[in-house]
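Okay, thanks for coming, everyone. Let me put the sequence and the model up on the screen, and then I'll walk you through it.

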Amino acid sequence: MSSSRSAVSLKLPDAVPLFAALGDATRLRLLGRLSAGGPLSITRLSEGTGVTRQAITRHLYALDDVGLVRHVRRGRERVWDLNRERLDRAKRYLDQISAQWDDAAERLRAFVEEPE
Amino acid sequence: MALKTQAPNNTSSTDRIEKRVVLRAPRSRVWRALTNAEEFSTWFRINLEGAIAEGRPVRGKLTFKGYEHITVEMLVERIEPERYFSYRWHPYALDPAVDYSLEPTTLVEFSLEEAEGGTALTIVESGFDRIPLARRAEAFRVDDQGWDGQIKNLAQYVE
């Protein structure tokens, strides 16, 4: 989804697989590495993880299925990168609660700053 | 709005939300607004029944238009007069048909400090990583039911 309006109205059936794909420590670590230094090859992504390249590949495809990452060819290699637009939507749950606290804080401000 | 200038203090980790605001009011005034059930009810838009007391649950119906049928329960954890107040609750527990009681709670903490011209208030809500994934996704459904005002606020935080 490209416009901010359609991104905001993410529907429940769309959100469930997204969160399910995020519910795995290895996948979260992969997203962290891509976030810090992507795009990266599977070889680079496997380094220091103690997880086989085959397992890393499976996790990357699981993330790909829900649109969190994507891969492109770079020379003879395939490299993986984040799909940031999709990640932003996962962040939106906290953004909503965050916005509610902004509202609550503003109401508190009005309440305590008005003369009694 | 003054809150905008505080935006850099909004954390973006998945487990916690942090807000910091400076209120132009004495610490004692802010403390009363936070821990007197009647005053809390007014600004928070809830109708708490009973007092806010350490180790005790306190509950009440929301007074937000359209959400008056929702009862919210807060379990008060710790009260340090004029400095710190915390409670646990179920975030976004807005579906009366769902029993949230067995789910993990988030911790809400209010901390007060002296600040130039008033009182610095820090609000932290943490523990979101323990909330079931399906519930986190459910928030989008609530969104679909029309949190138009919230979305406007949201626009300040997304690129």
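Let's start with a question: across which strands of chain A does H5(A) lie? Keep in mind while you look that this is a predicted model. H5(A) lies across S2 and S3 of chain A, and it runs at about 115° to S2(A).

Let me stay with that helix for a bit. H5 of chain A covers residues 53-65. Which residues of H5(A) are buried? They are Ile56(A), His59(A), Leu60(A) and Leu63(A). Look down the axis of H5(A) and those buried residues sit within an arc of 100°, so they line one face of the helix. You'll remember the reason that kind of spacing works: an α-helix has 3.6 residues a turn, so residues three or four places apart point the same way. On the face of H5(A) turned away from the buried side, you get the exposed residues Gln54(A), Tyr61(A) and Asp65(A). After H5(A) comes Gly67(A), with a positive phi near 80°.

Now zoom out to chain A as a whole. It has six helices and three strands, and along the sequence the pattern reads α-α-α-β-α-α-β-β-α. Of the 116 residues in chain A, 27% are buried. If you take the contacts in chain A between residues at least 6 apart in sequence, 51% of them join residues at least 24 apart.

The three strands make an open, antiparallel sheet in the order S1-S3-S2. Strand S1 (40-41) and strand S2 (69-74) of chain A are at the edges with a single partner strand each, so one side of each has no neighbour in the sheet. S1(A) is joined to S3(A), residues 77-82, by two bridges, and those strands run antiparallel. Leu40(A) is the residue opposite Trp80(A) in S3(A). Helix H3 of chain A, residues 25-37, also packs on this sheet, where it touches S1, S2 and S3 of chain A, and its direction makes about 95° with that of S3(A).

Over to chain B. Here seven strands form an open sheet, again with antiparallel pairing, and the order is S1-S7-S6-S5-S4-S3-S2. The edges are S1 and strand S2 (46-49) of chain B, each with a single partner strand, so one side of each is left open in the sheet. On average, neighbouring strands of this sheet are turned by 25° against each other, ignoring direction.

Let's go through some of the pairings. S1(B) and S7(B) run antiparallel and are joined by eight bridges, with Glu18(B) opposite Val124(B) in S7(B). What packs on this sheet? H1(B) lies across S1, S4 (71-80), S5 (84-89), S6 and S7 of chain B, at about 165° to S6(B). H2(B) packs on the sheet as well, touching S2 and S3 (57-62) of chain B, and its direction makes about 160° with that of S2(B).

S4(B) and S5(B) form a hairpin with three residues between them, and Glu82(B) in the turn has a positive phi of about 60°. Five bridges join that antiparallel pair, and Ile79(B) has Phe85(B) as its bridge partner. S5(B) then pairs antiparallel with S6(B) over six bridges, and Tyr84(B) has Ser111(B) as its bridge partner there.

Beyond its neighbours within four places in sequence, Thr122(B) contacts Glu18(B), Arg20(B) and Ser111(B).

Last stop, the cores. The largest nonpolar core has 23 residues, and those touching the most other members are Val112(A), Leu23(B), Val30(B), Ala33(B), Leu34(B) and Leu121(B). H6 (84-113) of chain A and S1 (16-23), H1 (27-35), H2 (37-44) and S6 (106-115) of chain B each supply at least two residues of this core. The largest share, six residues, comes from H6(A). There's also a second, separate core of 12 residues, including Leu63(A), and that's the Leu63(A) we met among the buried residues of H5(A).

Conventions
Residues are numbered from 1 along each chain as its sequence is written. Chains are lettered from A and ligands numbered from 1 in the order in which they are written. This is a predicted model: local features need pLDDT of at least 70, side-chain atom pairs count only at pLDDT 80 or more; totals for chains, interfaces and linings use all residues. Helices (H or I, at least four residues) and strands (E, at least two) are DSSP runs, numbered from the N terminus. A residue is buried if 20 or more other C-beta atoms lie within 10 Å of its own, exposed if 12 or fewer, and partly exposed in between; C-beta atoms are placed from the backbone. Two residues are in contact if their C-beta atoms, placed from the backbone, lie within 7 Å. A nonpolar core is a set of buried Ala, Val, Leu, Ile, Met, Phe, Trp, Tyr and Cys residues joined through C-beta atoms within 7 Å. The expected span of a helix is 1.5 Å times one less than its number of residues. The arc is that of the directions from the helix axis to the C-beta atoms. Two strands pair if DSSP finds at least two bridges between them. Axes are lines fitted to C-alpha atoms, for helices over the stretch in contact, and angles run from 0 to 180 degrees between N-to-C directions.
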